[in-house]
Amino acid sequence: MDTALEHLDVVIVGAGLSGIGAAYRVSTGLPGKSFAVLEARSAIGGTWDLFRYPGVRSDSDMFTLGYPFRPWTEAKAIADGSSILSYIRDTADDPRIRERIRFRTKLISAAWSSEDARWTLELEVTDDVGATERRRLTCGFLYLCSGYYDYDRGYEPSFPGIESFTGEIVRPQFWPEELDYAGKRVVVIGSGATAVTLVPSMAKEAGHVTMLQRSPTYVTAVPSRDKFSDAVRRRLPAGAAHHVARAKNVLFTQAFYQLCRRRPELAKKLIRTQTERILGDEASVRENFTPAYNPWDQRLCVAPSADLFKALKSGAASVVTDTIDTFTPTGIRLASGQELEADVVVTATGLSMLPLGGATFTVDGREVNLGDSWVYRGLMVSGVPNLALCVGYTNASWTLRADLSSRYVCRLIRYLDRHGHRYAAPAVDGDMTARPILDLTSGYVQRAVSAFPKQGDRQPWIMRQNYLLDAPTALRGSLSKNMVFDTPVPSSDTPAPDLQEIHA
């Protein structure tokens, strides 16, 4: 071991919403521990700094998307991207966090040594003029808070004839600041959260916006402001009001999710009735807003203050359900023969998933194959010591689980210290039936899910989508169940356990 390398107790990867929350939990829950936050980009905020397309906003209310330790005080419960970015940056201004962030530092690979009980990290560091160099450091615990999306490239399906199109092609992930679409004909390809956000926002300035979808998606209208939370905030201090609003929204979201899973036909009827009432066009709802799948087989999209439906009803926007035959010089010809004329085409076709931020991992010289591994309590990987992944909920606010994961990591590290252990690794006991880590039929999940660890058929190997069940486990549950530890305070002549066997 090269003793000249810098060593830290904890390294957090990512300075977005999850990473900044993790840094707060480590700084307050593990006082005295050395840690750093590695951020590949030059700015705080992650998704909320990267995505700049018109109308970018949250899908979740800010009482649950926000941190439990920092009350959300703005008026809108469904917030725009710039407000969320300011909220994250304000949180990171805490000197306990700000001074630990290392910008333009990308994790390339990580190698675990059981003998040394530490990770050796290979980093790519970029200086102010864009030159890069490789550096190394070691840490006792590695916590990945970079999400599971590939932020360098989105999903780009092949469209016939796209090279013949003479207008502008725009990808939301890399929105050009200079794009002028005022008065122009815009076609947005897609029906997910990005498309549902873009269409009403662009419709305010464009000549006309058409949302072209291959198949319908469930879209529910929600208030931009939360009247209950507004009333609570008028009567209680900010912190107490935030917790009450958060609890109410957790219960409501989970109740609606359970209704969708247990009574899908009733949930379909409720969503359809709401949409028909707002649009006033039963035929359009039947054709364009009635998916073939059940609610929450894929993510539900939200329309704050019914903005999408209002844009459609006003005529500023329209929706077409069809498949693309080919691009033409002036637009898109559909399989039905209809032609959509366009000056600008936005390909809101979704993101691509990327495990572990694209970094490679080894345990005692053996490469970690995530696809052959199992996820433990929704945040650790079987056979991999002192490593945690921050993965949020798909059916509720990402931050709800992200914060539980950060608090669990702090509990586990305190447990290791208290019992004289240096590391811990989840170990599978017996055969299990494998299931995808995310139980969604969405294309972006199905295309990449085999590269991620599997979930099993029993605890602690189930990736639950239920905050009410996860919270007691994360905050008070057993830290030793299905966990293998090294010998407490091992002497220099005591060999470390063979974690290659555990990983296998």
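User: Where does Thr105 sit in this structure?

Analyst: Welcome! This is a predicted model, and Thr105 has its place in strand E4, which covers residues 105-113.

User: What is Thr105 in contact with, leaving aside its neighbours within four places in sequence?

Analyst: Its contacts are Leu38, Glu39, Ala40, Leu123, Glu124 and Val125. Each of these has heavy atoms within 4.5 Å of Thr105, because that is what contact means here. As for Phe452, 347 residues away along the chain, its C-alpha atom and that of Thr105 are separated by 24 Å.

User: What makes strands E5 and E6 a pair?

Analyst: Two strands pair if there are at least two bridges between them. E5 (residues 118-126) and E6 are joined by 8 bridges, so they meet that rule, and they run antiparallel. Trp119 stands opposite Cys139 in E6. The hairpin of E5 and E6 has 5 residues between the strands, and there Gly130 takes a positive phi near 95°.

User: Which other strands does E6 pair with?

Analyst: One partner is strand E1 (residues 7-13), which pairs with E6 (residues 132-144) in the parallel sense over 6 bridges. Within that pairing, Val13 has Leu144 as its bridge partner. Another is strand E23 (residues 387-389), joined to E6 by 3 bridges and also running parallel. Here Leu142 has Leu387 as its bridge partner.

User: Now to the helices. How do you know that the span of helix H8 agrees with its number of residues?

Analyst: H8 runs over residues 238-262, which is 25 residues. At 1.5 Å a residue it should span 36 Å, and its end C-alpha atoms are 36 Å apart, so the two agree.

User: What do the buried residues of H8 pack against?

Analyst: They pack against helices H3 (62-65), H7 (227-235), H9 (264-279), H12 (398-418) and H14 (467-476). Among the buried residues are Ala241, His242, Arg246, Val250 and Tyr257.

User: What makes Arg25 and Asp403 a salt bridge?

Analyst: A salt bridge needs a side-chain nitrogen of Lys or Arg within 4 Å of a carboxyl oxygen of Asp or Glu. For Arg25 and Asp403 the N to O distance is 2.9 Å, so the pair qualifies. Arg25 lies in helix H1 (residues 17-29) and Asp403 in helix H12, so the pair ties together parts that are 378 residues apart in sequence. Both residues are buried. The structure holds 28 salt bridges.

User: How many residues separate Glu265 and Lys268, which also meet in a salt bridge?

Analyst: They are 3 residues apart in helix H9, which means about one helical turn. Glu265, at 55% relative accessibility, counts as exposed, whereas Lys268, at 17%, is buried.

User: And what about Asp486 and Arg422: which parts does their salt bridge tie together?

Analyst: Their side chains meet at 3.3 Å, N to O. Asp486 lies in the loop between strand E25 (483-485) and helix H15 (499-503), and Arg422 in the loop between H12 and strand E24 (424-426), so the pair links parts that are 64 residues apart in sequence. Asp486 is buried at 3%, whereas Arg422 is partly exposed at 32%.

How values were computed
Residues numbered from 1 in each chain as written. Predicted model: local features only at pLDDT ≥ 70, side-chain atom pairs only at ≥ 80, totals over all residues. Heavy atoms only, no water. Helix = DSSP H or I, 4+ residues; strand = E, 2+ residues; numbered from the N terminus. Expected span 1.5 Å × (residues − 1). Buried < 20%, exposed > 50% of the residue type's maximum accessible area, 1.4 Å probe, protein only.
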